[in-house]
Amino acid sequence: MFRKKPIALALSTVLVLTLSLVGCGGKPAATGGDKEVKPIIVKFAHVVTPDTPKGQAALKFKELAEQKTNGKVIVEVYPSSQLYGDKEELEAAQSGNVQIIAPSVTKLVGLNPKFQYTDLPFLFPNNEAVYKFFASDQMKGLMNSLDKYNLQGLAVWPNGFKQFTNNKRPLVSPEDFKGLKFRTQAGKVLEAQFKSLGAGSATIAFGETYAALQQGTVDGQENTFNNIDTQKYQETQKYLTVTNHGRLDYMIIVNKSFWSGLEPDIRKALDDSMAEATKYAVEQAELLDKKSMDNLKNSGKMQFTELTPAQLGVFQETMKPVYAQFESVLSKELIDAAIKAGQK
Ligand code: LMR
């Protein structure tokens with residue numbers, strides 16, 4: 001049998017080791033003095049496309065973080081549920097398989113049901129009210145409630161107000177919802193919202209929603225102009241009613257052990273990058289909301305229903321009982337703080 005001579009064996013070991021180091025990551029390692037230091041890889045997973053406010057802000061965070069840490073941190077952004085979908089991403093963040101996720105706040109219902117504040121119908125009159133609530137003590141409390149799950153809330157990014165779509169008929173009054181079934185993101189508040197309109201609902205992961213609409217598992221859904229546009233729901237949903245009845249916003253969440261284990265200067269650079277990316281997220285949300293609304297209107301595929309104030313008032317009255325139903329879950333203090341954020 002052929003046996004390698006000791007010298008040949010040593011040389012081939014060195015070669016294999018060298019090759020495997022070169023192959024590892026494929027990116028230049030930052031240098032710390034004479035020693036090669038491997039970059040810290042931060043995986044950032046989300047479920048939407050790159051041309052969304054969240055997708056754009058995630059890429060902005062990557063750019064800033066890599067710049068500010070001088071390449072000591074590499075941020076890998078995985079859009080469109082490529083790495084994890086709605087069902088898996090929270091667990092993956094808790095176990096450290098992914099370092100950053102950005103679920104819509106309502107998807108945190110399993111950790112703290114108060115995150116469903118966002119689904120109370122017509123809670124916020126405009127974006128400014130929403131941003132004010134983001135900066136409130138109530139929001140701080142919600143963020144802190146993630147600590148015990150080894151998660152840390154870093155920031156809140158907006159997307160926008162939700163609109164209803166369906167493939168059966170124009171939705172002009174609550175009557176029109178009877179007998180229809182809608183996709184929801186998560187939680188009992190959204191279920192109750194549709195019940196108040198006489199409609200059924202089913203929770204479906206974002207990545208599976210297009211197929212569910214196409215196959216008729218559900219007749220409709222609610223989402224922002226930008227998500228409707230970038231997911232191409234106009235291909236299966238003929239009718240859109242502009243209601244601005246609910247919000248879609250995101251909690252940017254990191255694995256707490258990972259974040260607190262970072263060197264202070266690295267963590268500061270990442271915190272600064274997150275603060276800048278958050279400002280960018282706000283700009284993008286407002287810009288893309290308008291752009292997508294125009295895209296959908298001009299697509300020739302959707303019939304838009306714009307309600308009169310009186311018609312909108314009927315929706316508000318019909319959906320109002322949801323508040324009383326969930327006051328004990330959400331707390332009166334939290335609901336009042338959100339309402340106050342919308343008052344002049
Ligand atoms: C949804 O499930 O509709 C949204 O939360 C998706 C997203 O991340 O915008």
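How far does a polar side-chain atom of Lys107 lie from an oxygen atom of the ligand? In this predicted model, the distance is 2.6 Å.

**Ligand surroundings**

Lys107 belongs to the set of residues around the ligand, which also holds Val47, Val48, Lys54, Ser104, Arg183, Gln185, Phe206, Asn223, Asn227, Leu248 and Tyr250. Asn223 places an N or O atom of its side chain 2.8 Å from an oxygen atom of the ligand. For Tyr250, a polar side-chain atom lies 2.5 Å from a ligand oxygen atom. The table lists these pairs.

| Residue | Ligand atom | Distance |
|---|---|---|
| Lys107, polar side-chain atom | oxygen | 2.6 Å |
| Asn223, side-chain N or O atom | oxygen | 2.8 Å |
| Tyr250, polar side-chain atom | oxygen | 2.5 Å |

**Helices H2 and H10**

Two packed helices are described by the angle between their axes and the distance between the axes. Helix H2 spans residues 53-68 and helix H10 spans residues 264-298; their axes come within 8 Å and cross at roughly 150°. Angles over 145 degrees count as roughly antiparallel, and H2 and H10 are therefore roughly antiparallel to each other. The crossing of H2 with H10 is right-handed. From H2, the residues in contact are Pro53, Gln56, Ala57, Lys60, Phe61, Leu64, Ala65 and Lys68. They meet a set in H10 that includes Ala269, Leu270, Asp272, Met274, Glu276, Tyr280, Gln284 and Leu288. By class, the H2 and H10 contact has 13 nonpolar, three polar and four charged residues.

**Helix H13 and its partners**

Helix H13 (residues 332-341) packs with H4 and with H12. The axes of H4 (residues 127-134) and H13 come within 8 Å, and the crossing angle is roughly 135°. This angle makes H4 oblique to H13. Their crossing is right-handed. On the H4 side, Ala129, Lys132 and Phe133 take part, and they meet Leu334, Ala337, Ala338 and Ala341 in H13. Six of the residues in this contact are nonpolar, none is polar and one is charged.

Helix H12 (residues 321-330) packs with H13 at an angle of about 115°, the axes being 7 Å apart. H12 is thus roughly perpendicular to H13. Here Tyr323, Glu327 and Leu330 in H12 meet Lys332, Leu334 and Ile335 in H13. The residues of this contact divide into four nonpolar, no polar and two charged. Leu334 of H13 takes part in the contact with H4 and also in the contact with H12.

Technical notes: Residues are numbered from 1 along each chain as its sequence is written. This is a predicted model: local features need pLDDT of at least 70, side-chain atom pairs count only at pLDDT 80 or more; totals for chains, interfaces and linings use all residues. Side-chain values use heavy atoms; hydrogens and water are left out. Axes are lines fitted to C-alpha atoms, for helices over the stretch in contact, and angles run from 0 to 180 degrees between N-to-C directions. Helices (H or I, at least four residues) and strands (E, at least two) are DSSP runs, numbered from the N terminus. Angles under 35 degrees count as roughly parallel, over 145 as roughly antiparallel, 65 to 115 as roughly perpendicular and the rest as oblique. A crossing is left-handed if the near helix is turned anticlockwise from the far one by less than a right angle, and right-handed if clockwise. Contact means heavy atoms within 4.5 Å. Ala, Val, Leu, Ile, Met, Phe, Trp, Tyr, Cys and Pro count as nonpolar, Asp, Glu, Lys and Arg as charged, and the others, Gly among them, as polar. A residue is near a molecule or strand if one of its heavy atoms lies within 4 Å of it. A polar contact is a pair of N or O atoms within 3.5 Å; within protein, one must be able to donate a hydrogen and the other to accept it, and residues adjacent in sequence count only if both atoms are side-chain atoms.
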